Amino acid sequence: MVVKSVEGKQLRSFTFKDEDESQEVRAVERRTLLETLASQLPAGTIQFSSKLEGIQRTDQDEVKLELVDGSQLMAKIVIGCDGIRSPIARWMGFSEPNYVGHCAFRGLAYYPNGQPHEPKVNYIYGKGLRAGYVPVSATKVYWFVCYNSSSPGPKITDPAVLKQQAKELVKNWPSELLNIMDTTPEDTLIRTPLVDRWLWPAVSPPASSGRVVLVGDAWHPMTPNLGQGACCALEDAVVLARKLATALKSEAPSVEEALRSYGTERWPRVFPLTVRANVVGSALQWDNPVVCSVRNNVVIPKLVRLGPLLNHTNFECNAL
């Protein structure tokens with residue numbers, strides 16, 4: 001990992017194994033991950049383009065799902081892993097995620113003849129503005145630009161406008177970042193407001209209601225500052241699968257108890273991570289020149305110890 005200033009000055013460089021033997025970084029394109037998971041399922045298992053319109057319980061202890069195309073599904077168990085704007089979470093009484101005051105441009109640069117970058121996580125810190133990039137394959141490099149904004153702003157769908165706005169923010173920054181942005185196909189560009197939901201104990205609804213349960217961003221959306229959002233969703237899946245398998249193979253515990261147990265086990269993991277990601281993001285988005293100077297010249301190069309800061313990434317799956 002390499003951290004630089006906007007002038008290109010290296011503030012810190014380290015390998016994760018040197019900081020903590022248990023650490024490593026694997027950057028995986030989301031599409032590749034999803035296709036790999038989906039390929040393990042029987043053909044026809046997944047029904048695509050099935051946006052949810054409504055959800056209601058039936059007298060037969062089942063849940064009826066109404067889709068926008070008019071079709072209906074009857075489900076014995078509903079696992080809502082439908083993202084930050086989850087209609088299932090809304091139905092269960094969860095509040096809308098809160099905007100945290102930052103927006104992010106993201107893109108996936110493509111090099112058909114092979115990307116030239118070393119396997120490093122690269123960060124560049126400015127004043128109320130930061131960027132980063134990391135190779136995700138032999139031909140693709142993921143990048144982001146995160147900036148302060150008092151409001152999420154209007155939704156922009158024109159990719160040419162998105163690229164122009166992103167480049168304008170970092171126009172005088174290190175050339176390798178700008179070159180990566182120039183090499184990005186427009187159909188991979190997005191701009192999103194960063195949001196999260198803090199699952200306060202005794203205030204937030206539980207993760208499950210009867211035989212309906214939430215997973216990932218639908219339950220605990222968090223900002224991407226720790227790189228743990230999708231990771232936590234995978235952890236959720238491991239724990240939930242184990243709980244459900246036990247319940248379905250025996251009479252006890254019941255499915256409802258298994259879902260409650262999943263929520264109880266996962267909450268102490270996801271709530272602190274959500275708060276921590278928010279705090280880290282706020283610190284990295286400082287725009288005060290004096291504070292940023294202290295951060296770049298003292299805190300990052302001399303005070304920060306990476307090992308303790310990275311222990312949140314450790315999660316023991318055990319045998320699947």
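Reader: On what basis are residues numbered and values computed here?
Author: Residues are numbered from 1 along each chain as its sequence is written, and side-chain values use heavy atoms, with hydrogens and water left out. Because this is a predicted model, local features need pLDDT of at least 70 and side-chain atom pairs count only at pLDDT 80 or more, whereas totals for chains, interfaces and linings use all residues.

Reader: How many disulfides does the model contain?
Author: A disulfide is taken as a pair of cysteine sulfur atoms within 2.5 Å. The sulfur of Cys103 has its closest cysteine sulfur in Cys146, at 8.0 Å, which is too far for a bond. Seen from Cys146, the closest cysteine sulfur is that of Cys103, again at 8.0 Å and too far for a bond. By this rule the count is 0 disulfides.

Reader: Is Cys146 buried or exposed?
Author: The classes rest on relative accessible area, with buried under 20%, exposed over 50% and partly exposed in between, for a 1.4 Å probe and protein chains only. Cys103, at 0% relative accessibility, counts as buried. Cys146 has a relative accessible area of 3% and is therefore buried.

Reader: Which strand supplies the largest share of the lining of the largest cavity?
Author: On a 1 Å grid over the protein atoms alone, a cavity is a set of points where a 1.4 Å probe fits but cannot get out, a pocket is an open set with protein on both sides within 12 Å along at least five of seven lines, and lining residues have an atom within 4 Å of a point. Grid points are joined across faces, edges and corners, and a volume is the space filled by probe spheres set on the points. The search of the whole structure finds 1 cavity of 30 Å³ or more, and the lining of the largest cavity consists of Val2, Lys4, Asn122, Tyr123, Ile124, Tyr133 and Glu176. Strand 1 (2–5) and strand 8 (122–125) each supply at least two of the lining residues, and the largest share, 3 residues, comes from strand 8.

Reader: How many residues of each class line the second largest pocket?
Author: This pocket holds about 310 Å³ of space, and of the 20 residues that line it, the closest to its centre are Phe16, Val25, Pro119, Lys120 and Val121. Helix 1 (16–19) and strand 9 (129–135) each supply at least two lining residues, where helices (H or I, at least four residues) and strands (E, at least two) are DSSP runs numbered from the N terminus. Ala, Val, Leu, Ile, Met, Phe, Trp, Tyr, Cys and Pro count as nonpolar, Asp, Glu, Lys and Arg as charged, and the others, Gly among them, as polar. By class, the lining has 10 nonpolar, 5 polar and 5 charged residues.

Reader: Which residue of strand 5 stands opposite Glu66?
Author: Strand 3 is joined to strand 4 (residues 63–67) by 5 bridges, and Gly54 stands opposite Glu66 in strand 4. Strand 4 and strand 5 pair in the antiparallel sense over 4 bridges. In strand 5, the residue opposite Glu66 is Gln72.

Reader: Which residue in the turn between strand 1 and strand 2 has a positive phi?
Author: Strand 1 and strand 2 (residues 10–13) pair in the antiparallel sense over 3 bridges, with Val3 opposite Arg12 in strand 2. The two strands form a hairpin with 4 residues between them, and the turn residue with a positive phi, of about 95 degrees, is Gly8.

Reader: Where is Ala202, whose phi is positive although it is a residue other than glycine?
Author: Phi of Ala202 is near 70 degrees, and at 87% relative accessibility Ala202 counts as exposed. Asp61, which is not a glycine, also has a positive phi, of about 60 degrees, and is found in the loop between strand 3 and strand 4. The place of Ala202 is in the loop between strand 11 (190–196) and strand 12 (208–209).

Notes. Pairing = 2+ DSSP bridges.
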